Amino acid sequence: MANCESKFSGRVEIVKDEKTKEITFRNEFTSSETEVINRKVVKDVVKLLKDKGAVATSDYATELSAKEFNNNQRFMFMLSIANNSPNGFLEFEAVKNIEIGPDRESKQPLPDSAKWMNGSVKNIIINVNGRIRAP
């Protein structure tokens, strides 16, 4: 008999900008199950804020995800994580995996130095020693 137990972390941070009065939810998760729990937490908090009159019932949440950014913006985001997250959620120790590949959404042809990837390479994963630790 095998006993398999997995633990996944998740976090929801709620921040209110005192100048704009805008409330931002930052949702971090390590599994799809944790994502479901986080979404429920966000939904319940939004409902509570609306029920208490802290947020107008006509206000709505806007969700941003990686698909809403272009490659350059995603790359800059990853670099910013590598420099530690400003709120202390993530502390960078080292890179474990680097995954690269042609931008499937780009209409520009690959440069001559990368043409060998054209049509045959979807992505390349480079394994290196190290890790990213979430406190």
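Residues are called buried under 20% relative accessible area, exposed over 50% and partly exposed in between, with a 1.4 Å probe and protein chains only. The model is predicted, so that local features need pLDDT of at least 70 and side-chain atom pairs count only at pLDDT 80 or more, while totals for chains, interfaces and linings use all residues. Residues are numbered from 1 along each chain as its sequence is written, and side-chain values use heavy atoms, with hydrogens and water left out.

**View 1. Overall fold of the protein.** Two helices and six strands make up the secondary structure, where helices (H or I, at least four residues) and strands (E, at least two) are DSSP runs numbered from the N terminus; along the sequence they follow the pattern β-β-α-α-β-β-β-β. Of the 135 residues, 9% are buried.

View 2. K21 lies in the loop between strand 1 (10-16) and strand 2 (23-29), and has a positive phi of about 65° although it is not a glycine. K21 forms a salt bridge (a side-chain nitrogen of Lys or Arg within 4 Å of a carboxyl oxygen of Asp or Glu) with E18, the closest N and O atoms being 3.6 Å apart. E18 counts as exposed at 56% relative accessibility, whereas K21 is partly exposed at 49%.

View 3. D44 and K40 meet through their side chains at 3.1 Å, N to O, and, being four residues apart in helix 1 (residues 32-51), are separated by about one helical turn. The side chains of D51 and K47 form a salt bridge at 2.8 Å, N to O, and both residues are exposed.
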